[in-house]
Amino acid sequence: MLKLFKNMKDGTFRDVTAEVGLDRVYAPMGANFGDIDNDGFLDIYLGSGGPEYGFLLPKVLLRNDEGRAFVDISSSAGIGDLHKGHGTAFADLQNSGHEDILISMGGATPGDAHAFRVFKNPGNDSDWINIKVVGVKTNRAAIGARIEAIVENEGRGRRSIFRTVSSGGSFGASPLAQHIGLGRAARILSLEITWPASNTSQKFAGVSPNQFIQITEFGKAYKVLTPRHFRFDGARASEP
C-alpha cells in the first residue's frame, strides 16, 4: 500500500494516506510525478505489475485535487494500460506547455516484452512556466536547487508553488527543466531560486506565464528561450 506522510514543519511527519485517498494496494514497479492539468498540484502515474507472467494490473493515474485528495482518473483519461509498467516520466514532448506521459512497458523476461508507450496530453486552459536552471558553483544540472513561484489566480488570491530540481521518481527520469503549472488566469508575482552549493538566491518579478525561460546561478536576469514545437503526427517541427 502507498504511504503519504505530510511534513508538519516542526521536524515531524503525519501519516495522511487514508485522508487523501491513497490507502489502496497499487503494486507499482515504477512511479513518477507531474502536473497533467497545470493546476500547480503534482499528480502521480504508477507503472503497475510484477515479474510473474500472470501479474497484470492496469496502470494508475492519480489526479491531485488541489492538495486535498488524489482521484483515480485512469479510466476516464484512457491511460490504464493493461501491461506491466516500469520506468515512467512526465515531459512536454511537443514544447506546447502540457506534460505528456512516457512509460516503459513489459516484464522481466523476453517473452513478456511490450512496446514503449507515449500518452499525449490533450491540453487545458491553465497557465504554466518552464524553467531551465543552470548551476555555476552548484552542479551544472542544478540538482537540488529549490524554486518558489508566488502566484495569484483570478478570484482565488495568492499561493506559493514549490519545486526542487530532480529527475523525479523511480525507474524513470523526467527532464531537469522544471515545468510548473500555475492554474487558470495566473499572474506570477515572483520567482525565487535558492542554490544549494553557493547558498544564494535570486528573485525575479514581472515574469510572464506560458513561456520557457533559463535562470543561471548568480545571473542578474533570466533568459527567454524559444524552443521548436513538435507534433506527433509525423509533421516537421516548426518554429514557435
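Trainee: How many salt bridges does this structure have?
Mentor: The count comes to 12 salt bridges. Please keep in mind that this is a predicted model.

Trainee: Which residue does K3 meet in a salt bridge?
Mentor: The side chain of K3 meets that of D15, with N to O at 2.9 Å. The two residues come from distant parts of the chain, 12 residues apart: K3 lies in the segment before β1 (5–7), and D15 belongs to strand β2 (residues 13–15).

Trainee: Are K3 and D15 buried or partly exposed?
Mentor: K3 has a relative accessible area of 49%, so it is partly exposed. D15 is also counted as partly exposed, because its relative accessibility is 36%.

Trainee: And what does R14 pair with?
Mentor: R14 and E19 form a salt bridge through their side chains, at 3.0 Å from N to O. R14 is partly exposed, with a relative accessible area of 34%.

Trainee: Why does E19 count as exposed?
Mentor: E19 has 54% relative accessibility. Exposed means over 50%, so E19 counts as exposed.

Trainee: Which residue forms a salt bridge with D72?
Mentor: The partner of D72 is R24, and their closest N and O atoms are 3.5 Å apart. This pair links distant parts of the chain, 48 residues apart: D72 is in strand β6 (residues 70–72), whereas R24 is in the loop between β2 and β3 (28–34). Both are partly exposed, because D72 has a relative accessible area of 34% and R24 has a relative accessibility of 41%.

Trainee: Which residues are linked in a network of salt bridges?
Mentor: The network consists of D65, E66, R68 and R156.

Trainee: What else pairs with β5?
Mentor: Strand β4 (residues 43–48) pairs with β5 in the antiparallel sense, over three bridges. There, I44 has L62 in β5 as its bridge partner.

Trainee: Is β5 mostly covered or mostly exposed?
Mentor: Strand β5 (residues 60–64) is mostly covered, with four of its five residues buried.

Trainee: New topic: what is the strand order in the open sheet of four strands?
Mentor: The order is β13-β10-β16-β17, and the pairing is mixed. β13 and β17 (223–225) are the edge strands, each pairing on one side only. On average, neighbouring strands of this sheet are turned by 30° against each other, direction ignored.

Trainee: What holds paired strands together in general?
Mentor: Strands of a sheet pair through backbone hydrogen bonds, in either a parallel or an antiparallel sense.

Trainee: In which sense does β10 pair with β13, and with β16?
Mentor: Strand β10 (residues 127–134) and β13 run antiparallel, joined by five bridges. In that pairing, I131 stands opposite Q178 in β13. With strand β16 (residues 212–216), β10 pairs in the parallel sense, over five bridges. Here the bridge partner of K132 is Q214 in β16.

Trainee: How many residues of β13 are buried?
Mentor: Six of the six residues of strand β13 (residues 178–183) are buried, and the strand is therefore described as mostly covered.

Trainee: Where is S167?
Mentor: S167 is found in the loop between β12 (157–164) and β13. It is partly exposed, with a relative accessible area of 30%.

Trainee: What is S167 in contact with?
Mentor: Leaving aside neighbours within four places in sequence, S167 is in contact with N32, G172, A173, S174 and L176. The C-alpha atoms of S167 and K9 are separated by 25 Å, and these residues are 158 places apart along the chain.

Trainee: Last one: which residues make the nonpolar surface patch?
Mentor: L93, F116, V118 and F232 make this patch, which has an area of about 340 Å². Among them, F116 is found in the loop between β8 (100–105) and β9 (117–119). F116 counts as partly exposed, because its relative accessibility is 48%.

Note on methods: Residues are numbered from 1 along each chain as its sequence is written. This is a predicted model: local features need pLDDT of at least 70, side-chain atom pairs count only at pLDDT 80 or more; totals for chains, interfaces and linings use all residues. Side-chain values use heavy atoms; hydrogens and water are left out. Buried means under 20% relative accessible area, exposed over 50%, partly exposed in between (1.4 Å probe, protein chains only). Two strands pair if DSSP finds at least two bridges between them. Patches are made of residues with over 30% relative accessible area and no salt bridge: like charges are joined within 9 Å, nonpolar side chains (Val, Leu, Ile, Met, Phe, Trp, Tyr) within 5 Å. Accessible areas come from the Shrake-Rupley method with a 1.4 Å probe; for residues, only the protein chains shown count as cover. A salt bridge is a side-chain nitrogen of Lys or Arg within 4 Å of a carboxyl oxygen of Asp or Glu. Contact means heavy atoms within 4.5 Å. Axes are lines fitted to C-alpha atoms, for helices over the stretch in contact, and angles run from 0 to 180 degrees between N-to-C directions.
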